Amino acid sequence: MSLFYKKSRDIFFYNRQVSKGWYFMLRFLIRGVVGTGCISLISFVLTLFGIVIPIGMNVITFFSCAFLGFPGILLVYGLYFVQMYV
């Protein structure tokens, strides 16, 4: 095995790892934005029916949606209902 082959192979695998990192970061940001948008849409639709649920849009809401996805949205609403009724 030549030295050139080993270096080019290492660079190839390094580039794959870097691109995977960007892929996960992009997916994380997209999940957070979509989750926050879903919370806004759900609050808007519920307000049209006369149900007001004041869920705040902040960093904690964004990160819970980004880390968990759809269960993060349910977590935010679940915590609000627990706070309201317990």
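Reader: What share of the contacts with a separation of 6 or more comes from residues 24 or more positions apart?

Author: Contact means heavy atoms within 4.5 Å. In the protein chain, residues 24 or more positions apart account for 64% of the contacts with a separation of 6 or more. This is a predicted model: local features need pLDDT of at least 70, side-chain atom pairs count only at pLDDT 80 or more, and totals for chains, interfaces and linings use all residues. Residues are numbered from 1 along each chain as its sequence is written, and side-chain values use heavy atoms, leaving out hydrogens and water.

Reader: How many helices and strands are there?

Author: Helices (H or I, at least four residues) and strands (E, at least two) are DSSP runs, numbered from the N terminus. The protein chain has three helices and zero strands.

Reader: Is Ser43 buried or exposed?

Author: Buried means under 20% relative accessible area, exposed over 50%, partly exposed in between (1.4 Å probe, protein chains only). Ser43 has 15% relative accessibility, so Ser43 counts as buried. Ser43 sits in helix 1 (residues 3-48). Beyond its neighbours within four places in sequence, Ser43 contacts Ile53 and Tyr77.

Reader: At what angle do the axes of helix 2 and helix 3 cross?

Author: Axes are lines fitted to C-alpha atoms, for helices over the stretch in contact; angles run from 0 to 180 degrees between N-to-C directions. The axes of helix 2 (residues 59-68) and helix 3 (residues 70-85) cross at roughly 140 degrees and come within 6 Å. Helix 2 is therefore oblique to helix 3. Under 35 degrees counts as roughly parallel, over 145 as roughly antiparallel, 65 to 115 as roughly perpendicular and the rest as oblique.
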